[in-house]
Amino acid sequence: MAQGNKVKLQIQLFGGLAINYEGKNISIGKNKTSKYIQLLEIVWLSGSQGVSRDSLVNTLYDREEQSNVNNSFNNLIYQMHKQLRKSGLPECEYIVNRDGYFYIDDEVEVESDAGSFIECVLQAREAQDPAEEMKLYRMAFDLYRSELLPELSTQEWVIIKSVQLQKMYSECVVSLGEYYEKRKDFDATYKVYKKAAELYPDDEWQIGEINALIGMDNYKEAYRIYDETVRYYTDELGITPSNDLLECYDKMSRQITNMPNKILQIRDDILERRESIAKNDGGAYDCSYPSFIDAYHILSRNMERSGQSVYMMLLTLVDYEGKKIANQNKLEIRGKLIQDAISYTLRQGDTYCKYSSSQFLLLLVGTSKESCKIVYRRILSKYKMLAGPRAEIEYSVVSLADLPEKLAEAR
């Protein structure tokens, strides 16, 4: 909407570029990665500080060989104005050069989601009143809906800016999460961490999400998210869960132990879980790493009473030369195949889990050290059938009866 002589543009940068003028979506070119569009985006993001001509040139032409960068940049400015005129926007400069710095034209008022986000965070840092501080953080949090300009996610300037904005977003999440948690507003806490976990699943925001659900006594959903997160970390990222995530599991266990009135809900959850895995009753139990640890402790205690032997086996994926598999795509494929081989080979009473992107842990019940070698050979044979004759795995075993002694020696 034009106000006086000013042209007012509403710019969306989170989740992809979108330009709105007088209630209408404006297209300034089919290719959103064009340099003249990037030029506009950089100036818009610079706000009142502006950006130097040299910085613009270096950013836009850094990886390209240009015989005459000055001419190329001048042509880019000309192309930008040409496309803006074609888009139907009012005749205007839109960006201006003052003493070697480019700014938004004084005749143009740009309101961008990213710019408003930055301003809210900066104001929140300076706020003296806690209520005003949280109000500003909340405004910033709501503005941050997605990554900055995903269509340009490989551009260095976008990567640098995205990292800066992500840190500011994390600041919002932590501030709001702690604020709501202190007031025992677990529903609001949960919603904050849930959104953050959906945007950045690798940043462990699920811990806040789980703790909020524990605060609401919603253990069923807390366990579901916990199990989903652990599997994501082990299966997708190839890493073991952090201590903070494992503490969530302990916290849930302690809370449920101290609340006997939850027994009927727990029973229903167990039955529901049992039905969901019933189709796999014929094979070994595939569980998360924390569940594997619990199984280890249970079997250790039962072993003392029953005298039944239990061995733990570690399988490690290697190439045909016995070296670590460096190719991540190959490692992911081989990881799925070895998991299938384990599942097909082990018995119903056995338990296994993915420990890392290249390793699996197995609990073998009622077996001997000699029998473990037979199990390994069967798994290897099945694995070679699935992955090819050059596929290899290494193994090591330890009796659960000997494990405490070996751990003491290691200390």
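Select Arg 334 first, and then show the residues that it touches (contact means heavy atoms within 4.5 Å): leaving aside residues up to four places away in sequence, these are Leu 317, Ile 325, Tyr 383, Ala 387 and Ala 391. The model is a predicted one, in which local features need pLDDT of at least 70, side-chain atom pairs count only at pLDDT 80 or more, and totals for chains, interfaces and linings use all residues. Residues are numbered from 1 along each chain as its sequence is written, and side-chain values use heavy atoms, with hydrogens and water left out.

Arg 334 lies in helix H13, residues 328-345 (helices, H or I, are DSSP runs of at least four residues and strands, E, of at least two, numbered from the N terminus). Which side chain of opposite charge is nearest to Arg 334? That side chain is Asp 319, 8.2 Å away, and Arg 334 is buried yet has no salt bridge (buried means under 20% relative accessible area with a 1.4 Å probe, protein chains only; a salt bridge is a side-chain nitrogen of Lys or Arg within 4 Å of a carboxyl oxygen of Asp or Glu; Lys and Arg count as positive, Asp and Glu as negative, while His and the chain ends are not counted).

E2 pairs with strand E8, residues 108-112, in the parallel sense over five bridges (two strands pair if DSSP finds at least two bridges between them), and Val 7 has Val 108 as its bridge partner in E8.

Technical notes
Buried < 20%, exposed > 50% of the residue type's maximum accessible area, 1.4 Å probe, protein only.
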